[in-house]
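Subject: Structure handover and findings

Dear colleague,

Please find the structure below, with its sequence, followed by an account of what was found in it.

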Amino acid sequence: MRGVLTLLILLLFSSNLHAIELLTVKELKKELDQTDQTFILLDVRTIEEFNSGRIKNSINIPHDLLLSDISLVADYKNEKVVVYCRSGKRAKLVLDRLSDEGFRTLIDVDGDMLAWNSANLPIEKE
């Protein structure tokens with residue numbers, strides 16, 4: 001009986017968890033090249049990093065600002081949200097927080113901006 005109760009508790013809590021998908025930079029580029037982009041591309045680097053070079057169609061909200069005020073992205077809760085930073089550390093913090101807040105579809109960019117630049121994929125600058 002105790003095992004069944006433990007299983008029920010685990011199922012209850014796991015139903016509230018949302019898996020974070022992983023997308024390579026080449027897969028992301030392919031998605032961006034489609035005319036009907038169906039996701040929010042969230043760059044959580046600093047404003048200076050964002051202005052020095054970003055992926056086309058990115059929205060910039062620095063991770064520290066976002067973590068302190070999750071309402072900044074509340075409108076995207078039911079959207080597909082792709083998050084990236086320079087190397088992945090800040091993106092991971094944001095993805096975990098968004099998952100905890102019930103965001104439905106979250107995607108992490110494998111290798112983040114470092115991988116994007118290494119693959120010589122295009123960037124936009126101020």
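A salt bridge here is a side-chain nitrogen of Lys or Arg within 4 Å of a carboxyl oxygen of Asp or Glu. This is a predicted model, in which local features need pLDDT of at least 70 and side-chain atom pairs count only at pLDDT 80 or more, while totals for chains, interfaces and linings use all residues. Residues are numbered from 1 along each chain as its sequence is written, and side-chain values use heavy atoms, with hydrogens and water left out.

Salt bridges

Side chains of opposite charge can pair when their charged atoms come close. Searching the whole structure gives five salt bridges, including one between the side chains of Arg97 and Glu101, at 3.2 Å from N to O. On accessibility, buried means under 20% relative accessible area, exposed over 50%, and partly exposed in between, with a 1.4 Å probe and protein chains only. Arg97, at 26%, is therefore partly exposed, and Glu101 is also partly exposed, at 32%. Asp43 and Arg45, by contrast, are both buried, and they form a salt bridge whose closest N and O atoms are 2.7 Å apart. Lys29 forms a further one with Asp33, with 2.6 Å between the closest N and O atoms; these two residues are four apart in helix α2, and so about one helical turn separates them.

Helix α2

Helices (H or I, at least four residues) and strands (E, at least two) are DSSP runs, numbered from the N terminus. Within α2 (residues 25-33), the residues Val25, Leu28 and Leu32 are buried. Viewed down the helix axis, the buried residues of α2 fall within an arc of 55 degrees, so they line one face of the helix; the arc is taken over the directions from the helix axis to the C-beta atoms. Lys26, Lys30 and Asp33 are exposed on the face of α2 turned away from its buried side.

The nonpolar cores

A nonpolar core is a set of buried Ala, Val, Leu, Ile, Met, Phe, Trp, Tyr and Cys residues joined through side-chain atoms within 4.5 Å. The largest has 16 residues, and Leu42, Val44, Leu66, Val73, Val81, Val83 and Leu98 are those with the most contacts inside it. Two or more residues of this core come from each of β2 (39-43), β4 (80-84) and α5 (89-100), with α5 giving the most, four residues. Apart from this core lies another, of 14 residues, among them Val25, Leu28, Phe39 and Val109.

The loop around Lys56

Lys56 sits in the loop between α3 (47-52) and β3 (58-60). Taking contact as heavy atoms within 4.5 Å, and leaving aside neighbours within four places in sequence, Lys56 touches Leu32, Leu41 and Glu124. Although Lys56 and Lys29 are 27 residues apart in sequence, their C-alpha atoms are 9.4 Å apart in space.

Backbone angles

Most residues other than glycine have a negative phi, and most peptide bonds are trans. Asn57 has a positive phi of about 70 degrees although it is not a glycine; Asn57 lies in the loop between α3 and β3 and is partly exposed, at 40% relative accessibility. Asn120, placed in the segment after α6, has a positive phi near 55 degrees, and Asn120 is exposed, with a relative accessible area of 68%.

With best regards
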